[in-house]
There are 4 protein chains.
Amino acid sequence: MPGSSIGTKFRVTTWGESHGPAIGAVIQGCPPNLKLTEKDIQREINRRKPAKSSKISTTRREEDKVKILSGVFENRTTGTPISLIIENKDVRSKDYAKIKNVYRPGHADYTYDLKYGIRDYRGGGRASGRETLSRVMAGAIAKKILKEKAKTEIFGHTIQVGNIKADKFNKSYIEKNELRCADKEKTKKMLNLIEKIRKEGDSIGAIIEIIVKRPPKGLGDPVFNKLDAQLAASMMSIGAVKGVEIGTGFKSAEMKGSENNDQITIKKGKITPLSNNCGGILGGISTGQDIVIRLAIKPVPSISKKLQTVTNKGKNTTVQTIGRHDTCLAPRIIPVAESMAAIVLADKLL
Amino acid sequence: MPGSSIGTKFRVTTWGESHGPAIGAVIQGCPPNLKLTEKDIQREINRRKPAKSSKISTTRREEDKVKILSGVFENRTTGTPISLIIENKDVRSKDYAKIKNVYRPGHADYTYDLKYGIRDYRGGGRASGRETLSRVMAGAIAKKILKEKAKTEIFGHTIQVGNIKADKFNKSYIEKNELRCADKEKTKKMLNLIEKIRKEGDSIGAIIEIIVKRPPKGLGDPVFNKLDAQLAASMMSIGAVKGVEIGTGFKSAEMKGSENNDQITIKKGKITPLSNNCGGILGGISTGQDIVIRLAIKPVPSISKKLQTVTNKGKNTTVQTIGRHDTCLAPRIIPVAESMAAIVLADKLL
Amino acid sequence: MPGSSIGTKFRVTTWGESHGPAIGAVIQGCPPNLKLTEKDIQREINRRKPAKSSKISTTRREEDKVKILSGVFENRTTGTPISLIIENKDVRSKDYAKIKNVYRPGHADYTYDLKYGIRDYRGGGRASGRETLSRVMAGAIAKKILKEKAKTEIFGHTIQVGNIKADKFNKSYIEKNELRCADKEKTKKMLNLIEKIRKEGDSIGAIIEIIVKRPPKGLGDPVFNKLDAQLAASMMSIGAVKGVEIGTGFKSAEMKGSENNDQITIKKGKITPLSNNCGGILGGISTGQDIVIRLAIKPVPSISKKLQTVTNKGKNTTVQTIGRHDTCLAPRIIPVAESMAAIVLADKLL
Amino acid sequence: MPGSSIGTKFRVTTWGESHGPAIGAVIQGCPPNLKLTEKDIQREINRRKPAKSSKISTTRREEDKVKILSGVFENRTTGTPISLIIENKDVRSKDYAKIKNVYRPGHADYTYDLKYGIRDYRGGGRASGRETLSRVMAGAIAKKILKEKAKTEIFGHTIQVGNIKADKFNKSYIEKNELRCADKEKTKKMLNLIEKIRKEGDSIGAIIEIIVKRPPKGLGDPVFNKLDAQLAASMMSIGAVKGVEIGTGFKSAEMKGSENNDQITIKKGKITPLSNNCGGILGGISTGQDIVIRLAIKPVPSISKKLQTVTNKGKNTTVQTIGRHDTCLAPRIIPVAESMAAIVLADKLL
């Protein structure tokens with residue numbers, strides 16, 4: 001089955017290569033009569049851009065201006081497919097000529113060649129992180145649907161970079177720092193670590209947490225399309241994600257049932273769990289509590305250290321990635337992961 | 001979208017409640033002319049049964065005898081849907097009368113009521129662990145396909161119970177102990193811990209690892225249907241699983257790109273990665289290396305300790321689960337998780 | 001994609017061979033809390049049976065007793081998959097031994113061998129008309145949903161057998177005659193023709209019409225999943241159907257726009273079309289008028305006349321079909337076609 | 001399920017409104033390493049354009065220049081989604097202001113409002129015939145795949161306009177006349193009829209026939225995804241199509257089994273049917289014979305005769321369609337129907 005579509009009722013189809021003429025998404029199943037302008041989408045696109053003065057991000061500077069080509073009439077959705085497009089402008093394809101025949105370690109170069117027998121090597125082609133632009137375009141619409149229909153809010157924050165873990169949570173600080181970390185003190189330490197790693201010509205991994213406030217209750221389809229299963233797939237489909245956990249996640253291995261079970265009581269006439277170890281999902285169905293997801297982000301594979309590798313002709317060689325790259329992906333992946341959560345939830349809600 | 005189907009080309013549809021007349025699966029897309037008898041499936045079904053003399057498992061004793069109702073003619077598959085059925089026999093539904101109106105913490109009782117407004121409360125109904133029988137039936141066929149077409153082998157082992165971690169790996173020991181742990185010494189410690197927990201009327205979590213040896217190369221469909229994404233979904237769809245990681249997984253948060261990237265060399269004329277931090281998947285496509293997946297298994301929610309909860313009428317109450325239950329699910333989930341891996345891989349292979 | 005499933009929200013998966021142990025269907029997406037007993041389904045199953053004293057139908061006499069295996073609890077649906085099964089009892093497989101290696105003209109023997117390289121030749125195996133039992137089981141549930149949610153009624157009648165065309169319409173007569181024809185006088189003529197054809201050892205084609213009264217308005221998903229497109233597919237998927245038309249259908253080739261366009265007026269404050277040339281569907285979406293579908297039914301390919309054919313080893317031979325077969329399929333296909341319409345409409349409605 | 005996608009392995013997603021900025025298609029699952037340039041697609045696009053000097057077609061004159069935005073690298077497909085776009089240029093939206101609130105008989109205006117509560121009324125919006133451009137773009141690629149992999153050729157011709165039926169078949173004449181009719185003499189009569197109808201301010205229906213030469217054998221997935229079922233759906237999804245038949249189609253109602261069954265013999269060592277009444281499909285699977293499909297095309301609903309209708313406020317009114325429209329759609333629908341056949345067959349083949 002072709003892999004560039006996700007969702008059944010709210011279906012997103014994406015297309016585009018890093019150095020092709022444009023990147024886009026087609027959204028089917030968006031409810032009609034929703035107010036929608038390019039601004040709604042541009043706002044989220046801008047959150048995914050590298051921080052302007054950042055030392056942690058790529059220096060590729062794309063304008064990333066989104067255009068709506070269909071499905072919206074007089075600023076309202078019509079229920080027909082919404083086609084969104086962003087042109088690629090700051091393309092320096094010649095930078096990539098030298099890796100044309102080389103498999104960069106940690107990248108999909110080798111596996112794309114294995115599978116397709118051909119690849120657009122310029123900037124990673126379809127396997128580029130730039131592909132996530134389409135996710136954010138679609139996610140912006142999904143977020144809007146969730147907000148209007150259920151007042152649902154989705155946000156993410158960086159909780160670990162290398163071995164530095166955030167332990168305070170100041171929500172309002174998240175969007176004020178380029179790491180999207182909710183712990184001011186640890187943010188500094190994380191940034192110092194990243195700066196050190198960057199100077200080494202290396203990169204570093206991280207953990208991020210995505211929180212869905214006020215999710216609609218009762219979403220999720222047992223047995224195979226459980227909400228947690230589909231969220232896990234959506235998150236793991238993001239290039240750099242190597243682990244997903246919900247609620248207590250891997251910690252639950254060390255817990256007893258009596259600790260991990262969320263006991264329940266009645267508060268003000270309402271069924272109220274006393275804890276949220278389940279992360280807002282029981283039996284694959286949302287309880288209405290916050291949905292809490294944590295993601296392991298691998299270190300960016302593009303580094304300027306010299307690594308041992310091979311050519312597509314089977315010769316040993318080495319490679320250094322000199323292009324324009326991030327040192328730690330966490331802050332830029334947050335809007336992408338939020339978008340994936342929004343897409344899955346909107347699909348289930350509709 | 002209805003949730004009891006998985007797969008596109010190799011599509012599995014499951015049905016059945018814990019205390020209904022039977023449990024079953026329909027498999028579409030199985031290649032024709034594959035040798036298949038009930039024995040092939042029964043073997044895997046038997047691996048999922050509780051250990052006979054076990055102190056760690058339920059005392060429900062089901063014969064679990066599988067029958068093939070269609071799709072096989074003279075011991076060969078015909079390419080038409082294969083219908084498999086197992087009758088439920090050791091059903092003691094009256095045990096469940098008292099929880100008819102009570103939401104058991106950690107179970108799906110509340111969310112099923114929320115979603116459907118009705119539930120078959122006997123033994124958890126559709127949300128029972130017994131549902132995984134259907135996965136194992138289908139998985140047995142998927143394993144057979146993978147073995148015949150690609151010599152692929154899939155196995156799992158318990159690597160952690162509570163805070164006890166296995167650190168030796170003796171593959172041949174796995175199927176010789178009721179925990180399916182590859183470390184003989186730690187197995188004893190784990191069993192002692194489980195016995196202690198069982199006497200407390202409690203349960204305990206675990207971590208298991210699934211390893212796919214000799215997976216076909218080039219499987220996986222970027223962007224959203226990456227192999228790791230679909231494996232993650234399939235695993236997270238198992239009731240007790242709360243976390244999934246591939247390769248270095250959450251550890252990659254603390255790693256540098258230079259450490260985590262799998263460098264590549266030529267050995268005997270073949271492209272050979274020097275490590276397997278990626279867990280056999282790059283860019284969502286299998287490299288041909290072992291696929292390595294680890295799963296967090298939450299402690300069984302059914303425990304005999306008294307827990308605070310509510311009725312479906314909104315009254316506070318308490319509940320103790322007295323039925324026949326496991327103390328640690330890890331060994332019985334292993335064949336289920338192997339089956340899910342097999343189903344996903346067979347679907348991608350065909 | 002495996003072909004034994006239909007529908008997205010109301011999804012039907014069927015299985016079973018003519019001479020295997022049983023035939024069945026799994027229905028996903030049936031709304032919870034619908035009253036449902038085996039009787040509801042048995043009633044429709046009985047309508048598909050050959051008329052007891054009939055000269056036009058097969059003499060295979062199956063009890064066709066349906067059992068519900070899951071998804072229903074205390075006579076109400078629970079929202080989980082409904083598994084239905086009917087055992088095959090009047091099986092005389094040895095009748096078919098002689099056609100084991102022979103391709104019967106007009107049957108799928110040759111194409112099944114071509115596609116699968118193996119076939120269960122007994123009674124046509126999966127390609128047998130007996131497969132339609134599963135459609136009727138599922139259709140019974142779909143009809144119940146439509147009736148309860150929208151008071152929709154679906155019925156069919158025979159409008160042509162050979163060159164004899166019905167031209168009167170007495171609805172109450174339809175279920176009173178074994179041809180399900182609404183024209184009493186022409187029924188006799190049709191029966192006489194069929195009797196004559198039967199004595200010749202031959203069979204005869206027919207046209208049936210399916211009418212959906214009070215269909216829900218607004219069903220259908222442009223562009224490719226238009227209601228008429230999905231109805232056409234569902235009808236053409238019935239073995240003997242070789243043509244489908246909606247509303248004026250093929251007659252519209254000879255019409256002018258000014259004749260064929262359904263003009264509209266306001267009656268009692270309601271938008272009211274002055275005709276129904278569109279057959280209840282405009283732009284792929286139901287208008288709320290009757291949906292009118294006509295189907296061309298080919299003559300039964302199993303006849304006792306000797307026909308020229310070949311063996312699967314490539315030798316010329318002849319074949320006569322001596323088994324127990326119908327002379328004109330029209331009346332038995334009517335409940336099947338009604339079921340297909342119901343399945344498509346229920347899927348769209350939910 | 002959103003309706004603007006078709007196919008599983010070769011999946012086409014279309015978007016765009018008649019008077020929006022552009023129309024497009026995204027094609028997933030196209031095999032990698034296929035030579036593909038914009039010219040390959042433009043050629044088919046041009047066949048769909050109205051004949052330049054024609055009296056039978058619309059006078060809207062679109063350049064219809066296709067651009068490839070992704071999935072092709074150095075003139076070869078890469079296996080990633082192919083995004084195609086055509087800008088709308090000759091847009092005269094103000095022509096449509098007066099029908100903003102009026103439901104044109106025979107059009108989808110009323111049903112779109114019913115379903116979505118909003119519609120882009122300019123030129124029919126999404127329900128415009130212009131939508132079929134996307135089908136032709138995708139069909140061009142599907143045709144190329146079929147030609148390269150199986151030497152399959154697909155063509156169509158007009159066999160009836162009003163009551164004038166073609167009875168000669170001169171294949172080379174088809175693309176030489178603006179009606180795409182294979183009978184030179186009847187072409188003149190048809191054109192005269194159309195001219196007469198056009199002067200009356202009216203339109204006329206037609207029947208077209210699509211023939212697939214050298215289709216791959218063994219395509220089609222019983223039970224519900226039979227090749228004829230999916231072809232029927234794909235054809236019926238074209239706006240003006242009201243009937244579909246395969247092989248003998250509706251004529252089979254008057255035939256006996258002994259006439260309609262295609263007897264088989266061995267010629268030059270090959271299994272060879274003596275006739276093709278089945279239209280190349282038996283049991284839902286292609287036999288390898290020509291696939292023959294006939295389609296009823298309703299008269300264009302847009303006519304300049306005054307028709308009775310209502311406004312969206314429920315007032316009686318009349319409407320005349322003055323825009324730029326075709327008198328008989330047959331010749332322009334032929335490339336669209338060929339495209340649909342190609343899309344279905346390519347999906348099945350891959």
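Predicted model: local features only at pLDDT ≥ 70, side-chain atom pairs only at ≥ 80, totals over all residues.

Through which surface do the copies, chain A and chain B, meet? I checked the interface residues of chain A: 100% of them are also interface residues in chain B, so the copies meet through the same surface.

Next, the symmetry. I laid chain A on chain B and got an RMSD of 0.0 Å, with a turn of 180° and a shift of 0.0 Å along the axis. That is the relation of a two-fold axis. I also looked up which residue of chain A comes closest to the rotation axis, and it is A:A233, with its C-alpha at 2.4 Å.

Cysteines now. I found zero disulfides over all chains. For D:C328, the nearest cysteine sulfur belongs to D:C181 and is 11 Å away, and D:C328 is in no disulfide. D:C328 is buried, at 1% relative accessible area. I looked at A:C278 too, and it counts as buried because its relative accessibility is 7%, under the 20% cut-off.

Last, the strands of chain B. I started with β2(B), residues 11-16, where six of six residues are buried. Both faces are covered: B:R11, B:T13 and B:W15 lie on one side, B:V12, B:T14 and B:G16 on the other. β1(B), residues 5-6, pairs antiparallel with β2(B) over two bridges, and B:I6 stands opposite B:V12. Their hairpin has four residues between the strands, and there B:G7 takes a positive phi near 95°. On to β3(B), residues 22-28: six bridges join this strand to β2(B), again antiparallel. B:G16 has B:I23 as its bridge partner, and the hairpin from β2(B) to β3(B) goes through five residues.

Definitions and conventions: Residues numbered from 1 in each chain as written. Chains lettered and ligands numbered in written order. Heavy atoms only, no water. Least-squares fit on C-alpha atoms with pLDDT ≥ 70 in both. Contact = heavy atoms within 4.5 Å. Disulfide = S-S within 2.5 Å. Buried < 20%, exposed > 50% of the residue type's maximum accessible area, 1.4 Å probe, protein only. Pairing = 2+ DSSP bridges.
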